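Here are my notes on the model you sent. Keep the structure open beside them as you read.

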Amino acid sequence: MDIVVITTIITSLFVVIGVAEPLAARLRLPFSVILALLGIVIGLGATFFLDTDLTDALNPGAQAIIDLPIRSDVFLYVFLPTLLFQATLGMNLRRMLDDWMPILMMAIVAVIVATLSIGYALSWVSTLPLVACLLIGSIVSTTDPSAVVSIFRSISAPRRLSRIIEGESLLNDAAAIALFGLFMSFVMLGRPNPLLSEALGQFPLLIVGGVLTGLLTARMTVWLMAFVDRWEMAQVSISVALPYLAYIVAEQSVGASGVIAVVAAGLTLNLTGPGRLSPVAWANLQEVWDLLAHWAGALIFILAALLIPRLLEGVQPSDLGLLAVVVLAATLARAAVLFGLLPLLTTIGVSPAVERPYRTAMLWGGLRGAVTLALALAVTESTHIPLETKRLVGILATGFTLFTLVVQGTTLRTVITKLGLDKLSPLDTALSRQVVAVALQSVREDVARTAENYDLNHEIVRNEAKRFSERLDEAVRDAEDSAEILDRDRITLGLIALAGAERDSVLARMRERTMSSVLSEKILSDTDRLIEGARTGGRIGYHRASNRSVVYGKSFRIAVFLNNRLRISFPLTRLTTDRFERLLMQRLILKDLDGFVRGRIRRIHGRRVAELLDDLLARRFDAVETALDGLRLQYPGYAEKLERRFIRRTALRLEEREYTVMREDGLVGEELYSVLMQEVAARRAMSEGRPVLDIALKGRDLVRQFPLFSDLDKASLRKLSRALRTRHANAGDTIISKDEFARSVFFIASGAVEVEFGRHTSRLGRGEMFGQLAMLSKQPRRVSVRALSPSTLLVLDEVRFRRLLRRSEAMRKSVKMSANKRNIDPTVLDLDGPSDSSEKRPSY
């Protein structure tokens with residue numbers, strides 16, 4: 001076909017894409033459904049004008065559309081990598097990890113269940129071999145939940161539910177296409193009834209090979225993009241090559257799943273890209289990929305829809321019965337996962353609760369789309385597939401896709417309306433009123449400043465201000481005095497607004513480049529948890545979410561174990577540096593929120609809610625400050641280095657802003673402006689690197705700050721710092737249990753603990769020790785100790801503690817004082833301990 005004709009058709013399709021979006025909004029139908037319907041109309045129209053005797057004027061154009069070289073390779077090698085790659089770039093992966101179990105269940109298990117259900121159902125009612133039926137099942141098992149996602153977003157569905165559906169859509173395609181390739185090979189090899197274990201046994205190999213290929217390809221690409229960091233267009237160009245290279249290498253060289261490789265490459269770039277690229281370059285890259293994915297998604301739907309008349313050629317009445325079997329089996333399989341497996345996962349505590357109306361909407365929203373048609377086209381193009389199998393694959397896949405698009409797609413919004421999901425809850429209604437009230441308050445202040453600056457007519461200003469004030473007062477009354485909102489819901493609204501303001505502050509600092517992109521993503525994930533926690537759990541949910549950024553996680557504890565036991569310090573150094581910078585930025589951001597609470601929150605929700613939120617904010621600030629003080633104590637001077645780095649970044653941003661203003665005012669020419677900005681960029685590059693943290697050196701500094709070790713010489717302090725093990729405890733963690741035998745002594749480096757002895761309790765803080773009395777009295781512990789706040793403890797075993805006790809008079813005095821406080825006679829304590837041959841060596 002002539003290149004001019006192809007170019008003309010493609011450009012015309014772009015016009016169709018531009019018209020389809022407003023048409024979908026006008027008809028209140030999913031965008032993908034409109035695109036598919038327009039494609040079908042174009043395909044049927046071309047066929048009609050070729051066969052009709054009414055006119056021959058449109059025959060050249062109709063013939064060009066019919067002869068358009070649309071092959072399955074175009075969908076799988078050109079469009080699909082773009083769609084999958086962009087989807088991974090736009091995901092909040094750190095939040096996705098919170099819901100990895102339901103996502104995997106919906107994406108992988110649901111695909112396998114649907115494939116097996118449809119395959120075995122067809123084999124019972126048709127003459128096709130089992131492997132051909134399983135091939136059909138894998139083709140139609142991939143869903144296109146983009147319509148459901150867009151509708152859920154329009155009705156303010158919970159973000160967690162939207163994340164589960166988005167994760168399903170991404171991994172669903174990968175799993176289905178991997179199964180398709182597996183069963184396709186069996187059909188082409190003439191294996192009518194392969195063993196299920198044989199088929200599923202090859203599945204992990206496809207996944208592992210794809211993951212490794214995508215990971216390695218992405219790592220090399222990220223390194224290359226960082227190498228050309230001064231040229232943003234070059235970085236974007238390299239990123240465009242990444243998904244196609246990963247797909248082709250996996251499919252053609254490794255023999256693995258190209259779809260899995262693209263997903264792995266996108267996830268790797270999502271995790272590592274923000275830390276290697278500048279915020280502006282990363283934002284531009286995402287914008288380019290959003291546009292590419294929009295075009296690819298629209299073209300793949302229209303071009304696939306053009307094939308529908310061709311794929312439905314030769315349909316017979318008996319095929320409708322088989323189509324009904326496919327529809328019924330697919331629906332029942334998806335229902336089994338949604339109403340059987342998901343509630344089971346919720347019961348055992350590994351999945352968030354998904355309400356029945358939402359599960360019903362997800363069931364009806366299991367639309368099939370262009371990927372299903374592309375896979376069916378690949379079967380019909382193969383010369384190694386029997387003709388009857390190709391005919392039924394084309395008819396059943398196309399018919400099922402049409403059923404989901406025309407029947408389910410057009411009625412999806414009606415179903416959602418019947419389920420009541422399009423109605424705002426009382427809490428969401430109050431939240432919308434709060435947004436209006438806050439916005440109008442800001443508008444009134446801005447209008448007042450504008451009238452004053454431009455010296456407008458005072459009478460006109462007063463009249464307009466009076467009208468605006470009436471509207472504002474009404475909005476404030478609606479937000480504050482809504483009768484159907486309980487007090488706890490008002491507090492929840494305030495917490496949501498507070499978390500939203502915190503998120504805006506993080507985004508502002510990210511735009512100003514005073515915070516790295518990697519750190520921004522982590523803190524944004526924290527703020528998203530705050531918003532979600534407040535919406536679902538109110539004050540308790542907000543408090544639980546806020547604690548996650550302060551407490552020591554599992555990864556931190558593993559890093560401490562590696563450092564203490566195996567002397568592998570890199571993970572602990574990295575996590576400690578991240579924690580230092582994260583807490584420091586949280587402290588600055590929380591300080592910014594004081595004005596928001598005392599200003600807008602107080603005006604909208606009243607003094608009582610504002611005071612309560614102010615108290616919650618103060619507690620968060622104290623928790624962050626306590627954790628930061630603990631790090632400062634362990635690593636003195638490092639916080640000052642980070643603060644100095646922050647000030648330098650802020651100064652560079654202000655300098656850059658001044659140069660921009662001067663250029664806009666005509667005070668600086670383009671040539672000089674370019675030179676000045678290059679100098680700023682060079683200084684910013686020098687300030688990007690974080691200061692190096694030396695854990696071993698800071699450990700010795702920490703030991704020197706304990707008064708208990710004041711009489712030890714430098715050599716003994718150095719050996720003691722090597723012998724001490726670090727333990728991190730979160731608030732509420734039990735450190736010592738009653739009736740256990742003492743094997744260690746604990747020194748509090750930061751935080752506080754509570755000692756419970758019978759009905760009496762006492763608190764110990766920084767610089768104090770515990771656990772020594774039970775050890776020296778050779779009795780089981782009579783107390784239990786738990787952490788009151790995130791605490792850092794230094795642990796010394798019994799042998800080394802006894803050696804220390806024999807050499808340190810200050811330590812002996814401290815032990816005797818603690819015994820007197822507990823009414824224990826110091827003479828019953830074994831302060832000298834058994835002598836050993838190593839006594840002369842100051843080894844700790």
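**Notes on salt bridges, a sheet and a helix pair**

1. Start with Arg529 and Asp526, whose side chains form a salt bridge at 3.3 Å, N to O. Remember that this is a predicted model. Both residues sit in helix H23 (residues 517-548), three residues apart, so about one helical turn separates them. Arg529 is buried, at 12% relative accessible area. Asp526 is buried too, at 7%.

2. Now look at Glu740 and Arg781. Their side chains meet in a salt bridge of 3.6 Å, N to O. This pair links distant parts of the chain, 41 residues apart. Glu740 lies in the loop between strand E2 (734-736) and E3. Arg781 lies in the loop between helix H30 (772-777) and strand E7 (784-787). Arg781 is buried, at 4%.

3. Turn to helix H31. Arg802 and Glu798 both belong to this helix, four residues apart, or about one turn. Their side chains form a salt bridge at 3.3 Å, N to O. Arg802 is buried, with 7% relative accessible area. Glu798 is partly exposed, at 26%. Elsewhere, shared partners join the salt bridges of Asp319, Glu388 and Arg391 into one network.

4. Strand E3 (residues 744-750) pairs with strand E8 (residues 791-797) over six bridges, in the antiparallel sense. Ser750 stands opposite Thr792 in E8.

5. Last, a helix pair. Helix H4 (residues 72-89) packs against helix H18 (residues 370-381) at about 140 degrees, with the axes 7 Å apart. H4 and H18 are therefore oblique to each other. H4 makes the contact through Ser72, Phe75, Leu76 and Leu80. H18 contributes Val371, Ala374, Leu375, Leu377, Ala378 and Glu381. What classes of residue make up this contact? There are eight nonpolar, one polar and one charged residues.

Notes:
Residues are numbered from 1 along each chain as its sequence is written. This is a predicted model: local features need pLDDT of at least 70, side-chain atom pairs count only at pLDDT 80 or more; totals for chains, interfaces and linings use all residues. Side-chain values use heavy atoms; hydrogens and water are left out. Axes are lines fitted to C-alpha atoms, for helices over the stretch in contact, and angles run from 0 to 180 degrees between N-to-C directions. Helices (H or I, at least four residues) and strands (E, at least two) are DSSP runs, numbered from the N terminus. Angles under 35 degrees count as roughly parallel, over 145 as roughly antiparallel, 65 to 115 as roughly perpendicular and the rest as oblique. Contact means heavy atoms within 4.5 Å. Ala, Val, Leu, Ile, Met, Phe, Trp, Tyr, Cys and Pro count as nonpolar, Asp, Glu, Lys and Arg as charged, and the others, Gly among them, as polar. Two strands pair if DSSP finds at least two bridges between them. A salt bridge is a side-chain nitrogen of Lys or Arg within 4 Å of a carboxyl oxygen of Asp or Glu. Buried means under 20% relative accessible area, exposed over 50%, partly exposed in between (1.4 Å probe, protein chains only).
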